[in-house]
Amino acid sequence: MRGAANRKMTGLEPGGDPAMPHLEFIKASGKLLPHIESYYLFRYDAAEIDGIERVDLGQLRFMISGEGTVFFPDGHSEPTRPIMVNGPGTAAATYKMRGPLHVFGVSLRGIGWKALIGVPAHKVADRIIDGEKLFCEQAPLLLERLRSMTTLEEMVAAIEPLLMMRQQEVKPVPKAHVTFLRVIREWTATDDPTIEWLYARMKAETDMGERQVQRLCKEYFAGSPTHLKRKFRAIGAAMRIYQGAPLDDVIGPFADQSHMINEVKHFTGHTPTTLRANIDPVLAVTLDNESFHFLPDVIPETVDVRRR
């Protein structure tokens, strides 16, 4: 977990601009790997910070310093909390913070949302959950410890016992749900992920009907299979555009260019033009395929979670 191959930094690297955001993360490993994609430490020492947050699968965040407001796609806003869980989003959100902003975070996989949070995603979509209520008295104590730490490695070592304890408190992920998440991964990896393909594969492997599949999509990803497919498609297109692919090479899964632009903006907060110029620096890192993997890593391909 702490090797160089599993670490990435952006911002305050040698020769970097201290006025820019600094994002450092470590890929998860060990017993928590099925549930966690990565751990990260975000620092931005500006006094006022405005940013964009694309859709994601769920985040656990400890606000070491700084506070502010998150503005959600339905028009409502919520203040940040010292310890907070961001539910899976339905569209891009924006935020306004008072810095300096230092945040230690945990990026959850789809299966991690169920195993560690245990709340149906659709009930908290585009919402902030008070982490102190979720993790009880242990979380505020951990936050105070984090405030005295200087490295991401220290913070990861400090939070792992809390997460493993939480894993024991939440009901195990049912075997059929593990199959569902594996099929979701396979579905997103197909050239043309049709809803019919998803339903047929789930029927063949678990005998689940369409309504059961729809229910699980809402429980894990806060939306229907159709909405989930739109997320996959838009984030995938945004990644390719940001990395330099011509628009003509990206437009294929969409009805036309206008449709592509609208979908990318809906889920990332950026148009194809602003993905390549004036992009939010944190969003830029999350669109790097070698960094945060939104999809298809809803569950690691190499891990048998039934043994965890």
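The structure is a predicted model, in which local features require pLDDT of at least 70 and side-chain atom pairs count only at pLDDT 80 or more, whereas totals for chains, interfaces and linings use all residues. Residues are numbered from 1 along each chain as its sequence is written, and side-chain values use heavy atoms, with hydrogens and water left out.

The chain contains 12 helices and nine strands; helices (H or I, at least four residues) and strands (E, at least two) are DSSP runs numbered from the N terminus. Of the 308 residues in the chain, 51% are buried, where buried denotes a relative accessible area under 20%, exposed one over 50%, and partly exposed the range in between (1.4 Å probe, protein chains only). The accessible surface of the chain amounts to about 14,000 Å², of which carbon and sulfur atoms supply 51%; areas were computed by the Shrake-Rupley method with a 1.4 Å probe, and for residues only the protein chains shown count as cover. Among contacts with a separation of 6 or more, 72% are between residues 24 or more positions apart, a contact being defined by heavy atoms within 4.5 Å.

The largest nonpolar core comprises 37 residues. Such a core is a set of buried Ala, Val, Leu, Ile, Met, Phe, Trp, Tyr and Cys residues joined through side-chain atoms within 4.5 Å. The residues with the most contacts inside this core are I36, Y39, L60, F62, F104, I159 and L163. Two or more residues each are given to the core by strand 3 (36–44), strand 5 (59–71), strand 7 (83–86), strand 8 (93–108), helix 1 (110–117), helix 2 (131–135), helix 3 (138–146) and helix 4 (152–169). Helix 4 provides the largest share, seven residues. When residues up to four places away in sequence are not counted, L163 touches L32, I36, Y39, L60, V106, L116 and F135. Apart from this core lies another, of 22 residues, which includes I111, W187, I195 and C217.

Helix 1 also meets helix 7 (residues 210–221): the two axes come within 9 Å and cross at roughly 75 degrees. Axes are lines fitted to C-alpha atoms, for helices over the stretch in contact, and angles run from 0 to 180 degrees between N-to-C directions. The two helices are therefore roughly perpendicular, on a scale in which angles under 35 degrees count as roughly parallel, over 145 as roughly antiparallel, 65 to 115 as roughly perpendicular and the rest as oblique. In this pairing, G110, I111, W113 and K114 of helix 1 meet E219, Y220 and F221 of helix 7.

R166, located in helix 4, counts as buried because its relative accessibility is 11%. Leaving out residues up to four places away in sequence, R166 touches A115, L116, I117, L134 and F135. A polar atom of the R166 side chain lies 2.7 Å from the backbone oxygen of L116. The C-alpha atoms of R166 and G118, which are 48 residues apart along the chain, are separated by 9.6 Å.

Q59 belongs to strand 5 and is likewise buried, at 5% relative accessibility. The side chain of Q59 makes polar contacts with the side chains of Y40 (2.8 Å) and S107 (3.2 Å). A polar contact is a pair of N or O atoms within 3.5 Å; within protein, one must be able to donate a hydrogen and the other to accept it, and residues adjacent in sequence count only if both atoms are side-chain atoms. Beyond its neighbours within four places in sequence, Q59 is in contact with Y40, M84, V85, N86, V106 and S107.

K27, in strand 2 (residues 22–27), counts as buried at 19% relative accessibility. Its side chain makes a polar contact with that of E37 (2.3 Å). The C-alpha atoms of K27 and S107, 80 residues apart along the chain, lie 9.6 Å from each other.

Most residues other than glycine have a negative phi, and most peptide bonds are trans. A cis peptide bond joins G99 and P100, with omega about 5 degrees; P100 is in strand 8. D126, in the loop between helix 1 and strand 9 (128–130), has a positive phi near 55 degrees and is buried at 8% relative accessibility. D207, in the loop between helix 6 (195–206) and helix 7, has a positive phi of about 65 degrees and is exposed, with a relative accessible area of 53%.
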